[in-house]
Amino acid sequence: METANGKLGVLVVGLGAVTTTFMAGTLMYRKGLGLPGGSVTQMAKIRVGRGKDRKYLKVSEIVPLTDCKDIEFGSWDIFPMNAYESAMNAKVLLQKDIDPVRDELESIKPMKAAFDPEYVSRLAGQGGNIKDGDRAALVEQLREDIRKFKSEHGCDRVVVIWAASTEKFIDYNPAVHSKLEDFENAIKTNDKANIAPSMLYAYAALQEGAPFVMGAPNICVDIPAIWELADKKGLPIAGKDFKTGQTLMKTVLSPMLRTRCLGLSGWFSTNILGNRDGEVLDAPENFKTKEVSKLGVIDTILKKEDQPELYGDIFHKVRINYYPPRGDAKEGWDNLDIFGWMGQDYGMQIKVDFLCRDSILAAPIVLDLVLCSDLALRAGLKGTQRWMSFFLKSPMHDYTQGEEPIHDLFQQYTMFKNKIRELGGYEPDEELE
Ligand SMILES: NC(=O)c1ccc[n+]([C@@H]2O[C@H](COP(=O)([O-])OP(=O)(O)OC[C@H]3O[C@@H](n4cnc5c(N)ncnc54)[C@H](O)[C@@H]3O)[C@@H](O)[C@H]2O)c1
């Protein structure tokens, strides 16, 4: 594997709450001023070797991970605010955690966005930092942005990650999304209904030799046409949707029910959230994209075909409510109706009230996904990186071949650790820790 020489450009689509929390936090951390809590690449210790030969090493001691000090940040957004102004506007981090890196944040000015108000209706008419042109012209401009950023910042490699608004739901359309040739024709003919702006960023990134990660639930890279491109270019891709609060809990609690053979009759999840993400998700067409991502989770862990008496009739509902007073401090409630010995007449309930901070949970995931994508790039791994499912709510998988996503957090962690072991020249295994 190539070592992590030189600088890594990290280009984030969207310079909102998640991105500025990620950038400010990483800048603070590399100055020795902040804890990278929640970042597995920075904090986890993974066992390598077995029996008396076993030792516990940090990820960077096993594989040649890029040092955070070698990251150069860039971004695109429809709002012209720099990263400092945007971090202040997002009100996630305290002034004391922004001021020491104010100069660096002020120097991160967003490039003009490839934006279509049809895809994020709540932001229509706002910002103004937007490129002109049809789909094909936008791709060319995005490619030029990546090349320019790379040369101006002296980067050896670039990773592009989407942390912009969730786009409206569009369905997989085999006539456009299954073959690269059809997909490229749709860009040429400016097919706005089937080519979302996020797809233009992904296509441009891959054409410029950069891995792409989708942090929202947008279909984007989760289509065979893009898998074909990633394969052709020999580049890694990953997605979709950062696994942060409620879904993280779901993928921990569901395996518990399954392994103890406890039944589930209903799971109701609701959230209140007051940041811009919450406002965008208040539009039904954008919420639909999120809903699909959030709903898929328990079905693959609690398989109704395997255990119809326990999981044959689950009522699963997810709601997100825009509630401005809370800002980024999301509150997620879950109610689970469960049963066991002697069936549903002896039902029980589990209540979870997670008072979280959305961007504080998402920022370390952005860092981990970026560093793992760069690692995959240098290791020559191409296509969908399933070992990164650990960080994602709706992990990509080859649905055209009937492959199923892995949602169980513990299975995902095993996949993650084994890939790190393998890339570090150790044997993958499942020995008890
Ligand atoms: N925070 C979490 O826990 C979490 C978890 C999973 C997914 N996400 C997703 O991450 C994304 C970012 O969340 P956030 O809280 O930072 O939202 P945010 O609204 O603060 O930031 C998103 C930014 O994207 C910009 N944008 C929209 N369309 C764009 C485009 N086409 N090109 C460039 N910029 C564009 C917006 O102007 C905005 O500044 C959302 O899609 C959200 O659903 C967040």
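The shell around the ligand holds 36 residues, and Gly 14, Gly 16, Ala 164, Ala 216 and Arg 276 come nearest. Helix H1 (17-30), helix H12 (276-281) and helix H15 (358-378) are the elements that give two or more residues to the shell. The largest share, four residues, comes from H15. Helices (H or I, at least four residues) and strands (E, at least two) are DSSP runs, numbered from the N terminus.

I sorted the shell by class and got 20 nonpolar, 11 polar and five charged residues. Here Ala, Val, Leu, Ile, Met, Phe, Trp, Tyr, Cys and Pro count as nonpolar, Asp, Glu, Lys and Arg as charged, and the others, Gly among them, as polar. Domain 1 and domain 2 each supply at least three residues to the shell.

Housekeeping: I number residues from 1 along each chain as its sequence is written. As the model is predicted, local features need pLDDT of at least 70 and side-chain atom pairs count only at pLDDT 80 or more, while totals for chains, interfaces and linings use all residues.

**Two domains**

I then looked up how the chain is divided: domain 1 covers 7-242 + 359-423, and domain 2 covers 246-355. These bounds come from an automatic or database domain assignment. The C-alpha centres of the two domains lie 26 Å apart. Their contact takes 27 residues from domain 1 and 26 residues from domain 2. Two residues are in contact if their C-beta atoms, placed from the backbone, lie within 7 Å. On the domain 1 side of this contact I find 10 nonpolar, eight polar and nine charged residues.

**H1 against H4**

Back to H1: it packs with helix H4 (residues 83-90) at an angle of about 115 degrees, with the axes 9 Å apart. Axes are lines fitted to C-alpha atoms, for helices over the stretch in contact, and angles run from 0 to 180 degrees between N-to-C directions. H1 makes the contact with Ala 17, Thr 20, Met 23 and Ala 24, and H4 with Ala 83, Ser 86, Ala 87 and Ala 90. That contact has six nonpolar, two polar and no charged residues.

**Sheets**

I traced an open sheet of six strands in the order S4-S1-S5-S6-S7-S12, with parallel pairing. Strands pair if DSSP finds at least two bridges between them. Strand S4 (71-76) and strand S12 (383-384) are the edges. Strand S6 (residues 212-214) joins strand S7 (residues 236-239) over three bridges, in the parallel sense. Phe 212 has Ile 237 in S7 as its bridge partner.

I also found an open sheet of four strands, S9-S8-S10-S11, with mixed pairing. Strand S9 (315-322) and S11 stand at its edges with a single partner strand each, so one side of each lacks a neighbour in the sheet. The twist averages 10 degrees from one strand to the next.

Strand S8 (residues 263-273) and strand S10 (residues 331-340) run antiparallel and are joined by nine bridges. Ser 269 is bridged to Asp 334 in S10. S10 also pairs with strand S11 (residues 343-355), antiparallel over nine bridges, and there Trp 333 partners Asp 353.

Which residue in the S10-S11 turn has a positive phi? Met 342 does, at about 70 degrees, in a hairpin with two residues between the strands.

Technical notes:
A residue is near a molecule or strand if its C-beta atom, placed from the backbone, lies within 6 Å of it.
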